[in-house]
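This report describes the overall build of a single chain and then turns to selected residues. Please keep the sequence and the structure in view while reading.

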Amino acid sequence: MNIHDFANQHCQPRKGKEHALSADKITQLLQLLPGWGLSADGRAIVKDFRFPDFRHTLGFINAVGYMANHEDHHPDIEAGYGHCQLLWSTHDVGGLSLNDIICAARVEALLAR
């Protein structure tokens, strides 16, 4: 599979540890997502995005928010002038699920347009 395959998928309800990705699977899938890495606690994937100004940052946040609401899977967002950090995790599995990979891939697709 490649990043486009994940970007074309939609999030599904994933509750319980059986939906948590293994460390090996996370490492494998992160190779498909340029610039994404694991958070310090290993329970989220994270990426910092840079923009020329606040207007572009806010536009990005709004686009991500629209997609996240549609997928019913929401990131933690930290932002300031010209930058935004996204963290995806699945609280219901206590770590990472395919939903996080799907949403990160969909964010990358937003930027490719």
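Two residues are in contact here when heavy atoms of theirs lie within 4.5 Å. The model is a predicted one.

**Overall build**

The chain contains four helices and four strands, and along the sequence these follow the pattern α-α-β-β-α-β-β-α. Its C-alpha atoms fill a box of roughly 40 × 30 × 25 Å along the principal axes. The radius of gyration is 13 Å, which agrees with the value near 13 Å for a compact globule of 113 residues. Of these 113 residues, 45% count as buried. Among contacts with a separation of 6 or more, 66% are between residues 24 or more positions apart. The chain exposes about 6,500 Å², of which carbon and sulfur atoms supply 51%.

| Residue | Relative accessible area | Class |
|---|---|---|
| Trp36 | 7% | buried |
| Ser97 | 0% | buried |
| Tyr81 | 61% | exposed |

Trp36 lies in the loop between α2 (23-30) and β1 (37-38). Trp36 counts as buried because its relative accessibility of 7% falls under the 20% cut-off. Leaving aside neighbours within four places in sequence, Trp36 is in contact with Leu30, Ile45, Val46, Lys47, Phe49, Leu86, Trp88, Ala104, Val107 and Glu108. With one of these residues, Glu108, the side chain of Trp36 also makes a polar contact of 2.8 Å.

Ser97 occupies the loop between β4 and α4 (98-112), and its relative accessible area is 0%, so Ser97 is buried. Beyond its neighbours within four places in sequence, Ser97 is in contact with Arg14, His19, Leu21 and Thr90. The side chains of Ser97 and Thr90 are joined by a polar contact of 2.7 Å.

Tyr81 sits in the loop between β3 (76-80) and β4 (83-88). Its relative accessible area of 61% makes Tyr81 exposed, because exposed residues are those over 50%. Together with Phe54 and Leu58, Tyr81 forms a nonpolar patch on the surface, and the accessible area of this patch is about 330 Å².

**Summary**

Note on methods. Residues are numbered from 1 along each chain as its sequence is written. This is a predicted model: local features need pLDDT of at least 70, side-chain atom pairs count only at pLDDT 80 or more; totals for chains, interfaces and linings use all residues. Side-chain values use heavy atoms; hydrogens and water are left out. Helices (H or I, at least four residues) and strands (E, at least two) are DSSP runs, numbered from the N terminus. Buried means under 20% relative accessible area, exposed over 50%, partly exposed in between (1.4 Å probe, protein chains only). A polar contact is a pair of N or O atoms within 3.5 Å; within protein, one must be able to donate a hydrogen and the other to accept it, and residues adjacent in sequence count only if both atoms are side-chain atoms. Patches are made of residues with over 30% relative accessible area and no salt bridge: like charges are joined within 9 Å, nonpolar side chains (Val, Leu, Ile, Met, Phe, Trp, Tyr) within 5 Å. Accessible areas come from the Shrake-Rupley method with a 1.4 Å probe; for residues, only the protein chains shown count as cover. A salt bridge is a side-chain nitrogen of Lys or Arg within 4 Å of a carboxyl oxygen of Asp or Glu. The radius of gyration is taken over C-alpha atoms; the globule rule is 2.2 Å times the number of residues to the power 0.38.
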